[in-house]
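Hi,

Here is the structure I said I would pass on.

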Amino acid sequence: MKKLLSFAFAAAMIVPSSAAMALTEGAAFEVYVNDDFAGTIYPYLYKDAGKACLYVSEWYNQGYLISEECDLLERKTKGYLSCLGNSYINFPTTVASDVYCRGFNDWGLSLQIEYMHVGEHYDGFAGVVKYAGYPYVNTIEAWEY
């Protein structure tokens, strides 16, 4: 049994895994809240914030009529400590909303985001978002296009 587990672990280490997509500066991400289209986010690297990279994002509503600013913190990980380098490459990490973040819900309403925490996947991110003044936690996904 130990040999089988050791073999399975070694095989998992050898098989190349696809890296999670880091926030790519200037890329467009289609955002879905509770599986409904909630606009498009364009993140731009702002500064190195210590253990994370701060991105200022412009979040447009469904019709591109208005936009809101949403500041996002992308965590650094071992081997990926350069915010400038991280904005151009893929690596596994998490993203959270900073103190100032406004966005749109699945109905197109502009709301203050109390918290958003997402994990990045191969072409975007997915996780949860809670809007200030609303008692529910919503699912959020974004896909780069």
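Below is what I found in it, going from the overall fold to single residues.

First, a caveat: this is a predicted model.

**The fold**

The protein has two helices and eight strands, and along the sequence they come in the order α-β-β-β-β-α-β-β-β-β. The eight strands make a closed barrel, β1-β2-β3-β4-β5-β6-β7-β8, and the pairing is antiparallel. On average, neighbouring strands of this sheet are turned by 30° against each other, if you ignore direction.

Some overall numbers, in case you want them: the protein has 145 residues, and 38% of them count as buried. The accessible surface is about 8100 Å², with 62% of that belonging to carbon and sulfur atoms. If you take the contacts with a separation of 6 or more, 44% of them are between residues 24 or more positions apart.

**Strand pairs**

I went through a few of the pairs in the barrel. β3 (residues 52–60) and β4 (residues 67–75) are antiparallel and share nine bridges; one place to look is E58, whose bridge partner in β4 is E69.

β7 and β8 also run antiparallel, joined by seven bridges, and A126 sits opposite E141 in β8. These two strands form a hairpin with five residues between them, and G133 in the turn has a positive phi of about 85°.

Then there is the pairing of β1 with β8 (residues 137–144), antiparallel over five bridges. Here V33 stands opposite I140 in β8.

**Salt bridges**

Side chains of opposite charge can pair when their charged atoms come close. How many salt bridges does the count come to? The answer is three, and here they are one by one.

- K76 with D48: the closest N and O atoms are 2.8 Å apart. This pair links distant parts of the chain, with K76 in the loop between β4 and α2 and D48 in strand β2 (residues 36–48), 28 residues apart. K76 is buried, at a relative accessible area of 16%, while D48 is partly exposed at 43%.
- R102 with E68: the closest N and O atoms are 3.6 Å apart. R102 is in strand β5 (residues 94–104) and E68 is in strand β4, so the pair ties together parts that are 34 residues apart in sequence. R102 counts as partly exposed, with a relative accessible area of 23%, and E68 as buried, with 16%.
- E114 with K130: the closest N and O atoms are 3.0 Å apart. E114 belongs to strand β6 (residues 110–121) and K130 to strand β7, and the two are 16 residues apart. E114 is partly exposed at 46% relative accessibility.

**More on K130**

Is K130 buried or exposed? K130 counts as buried because its relative accessibility is 14%, and the cut-off for buried is under 20%. K130 lies in strand β7 (residues 124–131). Apart from neighbours within four places in sequence, K130 is in contact with I113, E114, Y115, P135, Y136 and V137. E114 in that list is also the salt-bridge partner of K130. If you want a distance to check, the C-alpha atoms of K130 and N105 are separated by 9.7 Å, and these residues are 25 apart along the chain.

**Two other places to look**

T24 is in the loop between α1 (2–14) and β1 (29–33). Which residues does T24 contact, leaving aside its neighbours within four places in sequence? They are F29, P43, S87 and E144.

L84 is in helix α2 (residues 83–86) and counts as exposed, at 54% relative accessibility.

That is what I have for now. Send questions whenever you like.

Cheers

Note on methods:
Residues numbered from 1 in each chain as written. Predicted model: local features only at pLDDT ≥ 70, side-chain atom pairs only at ≥ 80, totals over all residues. Heavy atoms only, no water. Helix = DSSP H or I, 4+ residues; strand = E, 2+ residues; numbered from the N terminus. Contact = heavy atoms within 4.5 Å. Buried < 20%, exposed > 50% of the residue type's maximum accessible area, 1.4 Å probe, protein only. Areas by Shrake-Rupley, 256 points an atom, 1.4 Å probe, with all protein chains shown as cover. Pairing = 2+ DSSP bridges. Axes fitted to C-alpha atoms, helices over the stretch in contact; angles between N-to-C directions. Salt bridge = Lys/Arg side-chain N within 4 Å of Asp/Glu carboxyl O.
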